[in-house]
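The structure comes up next, and the report follows.

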Amino acid sequence: MLLGTQQVSAAGHLVIGGCDTVELAQQYGTPLYVMDEACIRENCRAYRRAFESRHPQTEICYAGKAFLTMALCRIVDQEGLGLDVASAGEFYTALQAGFPPGRVYLHGNFKSPMEMGMALDHGVGRIVVDSVEELELIDSLAQAKGTTANILLRVTPAVDPHTHKFIQTGKIDSKFGLGIDTGQALAGVRHALNCQSIKLCGLHCHVGSQLLDLEAFDLAAEMMPQFIKTVDQETGVTIEELNVGGGLGIRYLEEHQPPSVENLAETVLTKLKRGLSASGLPMPKIMLEPGRSIVGEAGTTLYTIGPIKDIPHVRKYVSVDGGLSDNPRPALYDARYSALIANRATEPPNEVVTVAGKHCETDNLIMDIALASPRPGDTLAVQSTGAYNYAMSSNYNRFTRPAVVLVNEGESEVIVRRETLEDLVAHDVLPERLRC
Ligand code: LLP
């Protein structure tokens, strides 16, 4: 499986964005996150094309939680997308990169007063409000600042998607949003309409992540017009903006076949239009917040293979120089990945092994994967690591976080430098009485 601009060179090396990955590993060291710029840009464009051609009043926002750095903010801005941020840290990154705050959406089920204040002071596009308590806090903050907060209210459409239980977010049993079925969503709308310094611009819903079929999107697109109709009938307010949450799942394995973005746009927009026009209601502005499907397949992690331990009749462990700290997803979500030997990419994968990390844990990165006779010193390329890998990385065991390199048309540039040992102790404070 070759993704994005991935190719194999005459020398049998994996090439991404025109750069030989074996040379990248030598130049920058491993582990190394490699991000394919052309693939990211094409994914942004595919979403815009699919939605805007069917409904010009669309805004595609990149969900920064998947992978956010200043360079990425610039790419997303240049591609004309909005940005969904989930914390002061993500918002600060965007501001530092010169991302226009008016195209930023602030999320979170527990925004701190500092985060809300920051959003209001910088004129964030929309605050996506998750609870009644938050409505009250934002209202009083906005009032004190003599401004109006433009908000979307997050509602829960009670959809049960086929994905890992930790990333199902639109179910009734969810910490996110206000339930439509329980009447809390309508109560939230009424509450927002009574707030002096809040402008309710619209609604937000999100059903889940890594969705490989359209069923949950389809159900949400059926539920939301019904709720918009209820809001119209009960309050006389016409909803002008509807954010339908995250995007499609991606290919981690060959058998993962997500629907196309065109299919997603056709399904969601047709369903919404049909439902709304049946009630004589206009189509609102539609927003979508894809994260994983913008950056996931564009990312590859390069590792160096170290000791190989063959336990007769049991398992062959192939160690790599990273693991849990640069990719916690196998441990957290039972996530599976594809990989290949980057320096012998044309050789057939003939041996089933388990790729193990180097942490003081059983941090198996990939169980039972066929690789081409892995040997110490080989470069292993693990694919589809662009989303929720660097973003979820840690310093566990005091490992330094890897560098991130952006590749495009044969050029490579560091967009996040590798952490140093000095970085690891930079925030430590040694009290005077403990000094030697
Ligand atoms: N919008 C909202 C409100 C979200 O909660 C999410 C993801 C997205 C957009 C982006 O969804 P995407 O297009 O990436 O599917 N750490 C987990 C994923 C958590 C996703 C949470 N919300 C993982 O590694 O799989």
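The lining of the second largest cavity divides into three nonpolar, three polar and three charged residues. Among these lining residues are His 107, Lys 111, Asp 130, Arg 154 and Phe 176, and the volume is about 30 Å³. By contrast, the lining of the largest cavity has seven nonpolar, one polar and no charged residues. That cavity holds about 60 Å³ of space, and helix α8 (residues 215-235) gives the most to its lining, with three residues. A cavity here is a set of points on a 1 Å grid over the protein atoms alone where a 1.4 Å probe fits but cannot get out, and lining residues have an atom within 4 Å of a point.

This is a predicted model, with local features needing pLDDT of at least 70 and side-chain atom pairs pLDDT 80 or more, while totals for chains, interfaces and linings use all residues. Residues are numbered from 1 along each chain as its sequence is written, and side-chain values use heavy atoms, without hydrogens and water.

Now to the ligand, which is surrounded by 20 residues, each with a heavy atom within 4 Å of it. Its polar contacts (pairs of N or O atoms within 3.5 Å) include these:

| Protein group | Ligand atom | Distance |
|---|---|---|
| Glu 289 side chain | nitrogen | 2.6 Å |
| Gly 291 backbone | oxygen | 2.8 Å |
| Tyr 333 side chain | nitrogen | 2.8 Å |

The protein covers 93% of the 590 Å² of accessible area that the ligand has on its own, by the Shrake-Rupley method with a 1.4 Å probe.

Notes:
A polar contact is a pair of N or O atoms within 3.5 Å; within protein, one must be able to donate a hydrogen and the other to accept it, and residues adjacent in sequence count only if both atoms are side-chain atoms. On a 1 Å grid over the protein atoms alone, a cavity is a set of points where a 1.4 Å probe fits but cannot get out, and a pocket is an open set with protein on both sides within 12 Å along at least five of seven lines; lining residues have an atom within 4 Å of a point. Grid points are joined across faces, edges and corners, and a volume is the space filled by probe spheres set on the points. Helices (H or I, at least four residues) and strands (E, at least two) are DSSP runs, numbered from the N terminus. Ala, Val, Leu, Ile, Met, Phe, Trp, Tyr, Cys and Pro count as nonpolar, Asp, Glu, Lys and Arg as charged, and the others, Gly among them, as polar.
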